[in-house]
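Colleague: I am new to reading models like this one. Please take me through it feature by feature.

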Amino acid sequence: MISYPASTCSCCGAPSSDEKRIDVRFGLPDAALAVPEEARHEVGVGALLRVDGGGSFIRCLLPVRLTDGIELVLGTWLEIGASDLEHAHALWGTPGYAALTLRGTLANAINPWGNALLGAAATVEVRDPDEIPYVAGSAHPMLGKVLGGPWDRHQVLSCFGHALPVAVRTDLDDHWSVERSPGLEARIVDGVSQFGGPDRIVFAGLFTDDAGRGSVEFLGSLLETAPTVPREQQLTEQLPDGLRHAFWLTEPEGHELYGFTVHADGTAVGIVCRWREPEHLAWAQHVWRSARRSAPDAREDRQV
């Protein structure tokens, strides 16, 4: 579950964030996902959990500094001893809770770090009596690195398919990427990336020219079955290493943009945007223009 500040994007009206904080919540420890519901027992408040044969857990907040001044706060779980669970239960809601400190191990594999964080030793402490404890420190190499930050915002946030309050550049393969707009969920269906919300959806697919044609000829082949549209409903733009073309259709039931970005190396991205409100044409053109090809080494300078 993700919470958003109330502000919106000035471009398309999607949820945005002025406070530069994104909250993501893991509903259960990984060890509790495969057990029946009757084997999971909340102890007092919803932040404490005992799993039959699976251990004892407390909710905690893992803050991660991202680039562009964004803070990602992960609501994860810490596995603790049974006596620590009872101790935390006894202090919860009392003045003594403010001094609660516990040691345990992280109970979720969190992308993009995955299993490197699962089981990492950590110390949690209460920073605010009105909040669950925060991960305050760790001698674990990877968890210590995560806490140190900053991390590339796009690399980390693109791992979460939930709708997010900020734009996220998402890889389509080792070369191509496209921007996922604020407020859109992400998934992959039959090899096609999809970003969708209540009133907008984006499809992004990859193409390869095996015939060795130039960019103009390759684009022409991609447009062979395209409908004829008025000149004012299409754009062609030259790029340093290729070109891109888009056309859009207006129908009573909605609007569509079809766009291609072709690179001189014989690869291309196809973008389809569908939306309801006429003023979102600028949004669709922005998504089309966001398609970008980069060399693999341009993505290696990241902390993962």
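Modeller: Start with the elements. Helices (H or I, at least four residues) and strands (E, at least two) are DSSP runs, numbered from the N terminus. Here the protein chain has 5 helices and 19 strands. This is a predicted model: local features need pLDDT of at least 70, side-chain atom pairs count only at pLDDT 80 or more, and totals for chains, interfaces and linings use all residues. Residues are numbered from 1 along each chain as its sequence is written, and side-chain values use heavy atoms, leaving out hydrogens and water.

Colleague: What share of the 304 residues counts as buried?

Modeller: Buried means under 20% relative accessible area, exposed over 50%, partly exposed in between (1.4 Å probe, protein chains only). In this protein chain, 44% of the 304 residues are buried.

Colleague: Which residues have the most contacts inside the largest nonpolar core?

Modeller: A nonpolar core joins buried Ala, Val, Leu, Ile, Met, Phe, Trp, Tyr and Cys residues through side-chain atoms within 4.5 Å. Contact means heavy atoms within 4.5 Å. The largest core has 39 residues, and V64, L72, L74 and W113 have the most contacts inside it. Elements giving it two or more residues include strand 5 (55-65), strand 6 (71-80) and helix 1 (82-91). Another core, of 19 residues, lies apart from it; W176 and W283 are among them.

Colleague: Which residues of helix 1 are buried?

Modeller: L85, A88 and L91 are. Down the axis, the buried residues of helix 1 fall within an arc of 135° (directions from the helix axis to the C-beta atoms), so they line one face. They pack against strand 4 (48-51), strand 5, strand 6 and strand 7. On the other side, A82, S83 and A90 are exposed.
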